[in-house]
Amino acid sequence: MSSGILTRHKPVDDGAATVGANVSFVFYNELRSIALKSFAAAEPIRTMLRSRFKDSVLCAYILGEGKDATIELLVVHGQQVPDEAAMSAACQKVSATIGRHLQVHVISSRRHAALTTRDHLGRLLAAATAFELIAEGETRAKRGVERAGFLQSAKEKLAALAR
């Protein structure tokens, strides 16, 4: 193919000729990124999370794709924690559908709020390859109830008294 996006491979034995992606094509990484963000992985994962886990998934992010084509996914849960067995089974099904392995991190909304660039997940979330898959408010999940510490509770009481 003359475009340079695809390369034709000669037939092996009696098989048919095959076509593969040309990884040295100048826009290969950009095209792969677009595909990952749309039909290739994002939409099947988004659909699975919005349907089966709409009561527990507060927001979700695709953190990037590894060299072995593993897609790293961050799922933030609210008050309700997604069932581990159901999440594992659903991810295996999506993985088979998209032809990629999924590495899934499930964390609480409290831990998500505390992430910094010093944390591994915080660095991945801040990277240019990460993008939001499900925004907060797109599902029926409720934010987890945050228990205030003694100092925070005292500040809130003082603020209420000052009014």
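Colleague: Which strands does helix α2 (residues 42–52) lie across?

Modeller: Helix α2 lies across β3 (57–65), β4, β5 and β6, and runs at about 40° to β6. Helices (H or I, at least four residues) and strands (E, at least two) are DSSP runs, numbered from the N terminus. Axes are lines fitted to C-alpha atoms, for helices over the stretch in contact, and angles run from 0 to 180 degrees between N-to-C directions. Helix α3 (residues 84–98) also packs on the sheet, where it touches β4 and β5, and its direction makes about 145° with that of β5; contact means heavy atoms within 4.5 Å.

Colleague: On what basis are these values given?

Modeller: This is a predicted model, so local features need pLDDT of at least 70 and side-chain atom pairs count only at pLDDT 80 or more, while totals for chains, interfaces and linings use all residues. Residues are numbered from 1 along each chain as its sequence is written, and side-chain values use heavy atoms, with hydrogens and water left out.

Colleague: What is the order of the strands in the open sheet?

Modeller: Strands of a sheet pair through backbone hydrogen bonds, either parallel or antiparallel. Here the four strands follow the order β5-β4-β3-β6, with mixed pairing; two strands pair if DSSP finds at least two bridges between them. β5 (102–108) and β6 (131–134) stand at the edges with a single partner strand each, so one side of each lacks a neighbour in the sheet. On average, neighbouring strands of this sheet are turned by 25° against each other, direction ignored.

Colleague: In which sense do β4 (residues 71–77) and β5 pair?

Modeller: They pair in the parallel sense, over seven bridges. Leu74 has His105 in β5 as its bridge partner.

Colleague: Is Leu49 buried or exposed?

Modeller: Buried means under 20% relative accessible area, exposed over 50%, and partly exposed in between (1.4 Å probe, protein chains only). Leu49, found in helix α2, has 0% relative accessibility and therefore counts as buried. Leaving aside neighbours within four places in sequence, Leu49 is in contact with residues including Val57, Val75, Met87 and Leu133. The C-alpha atoms of Leu49 and Cys91 are separated by 9.3 Å, although these residues are 42 apart along the chain.

Colleague: Where does Ser56 lie?

Modeller: Ser56 lies in the loop between α2 and β3, and counts as buried because its relative accessibility is 5%. Not counting residues up to four places away in sequence, Ser56 touches several residues, among them Val76, His77, Pro82 and Ala141.
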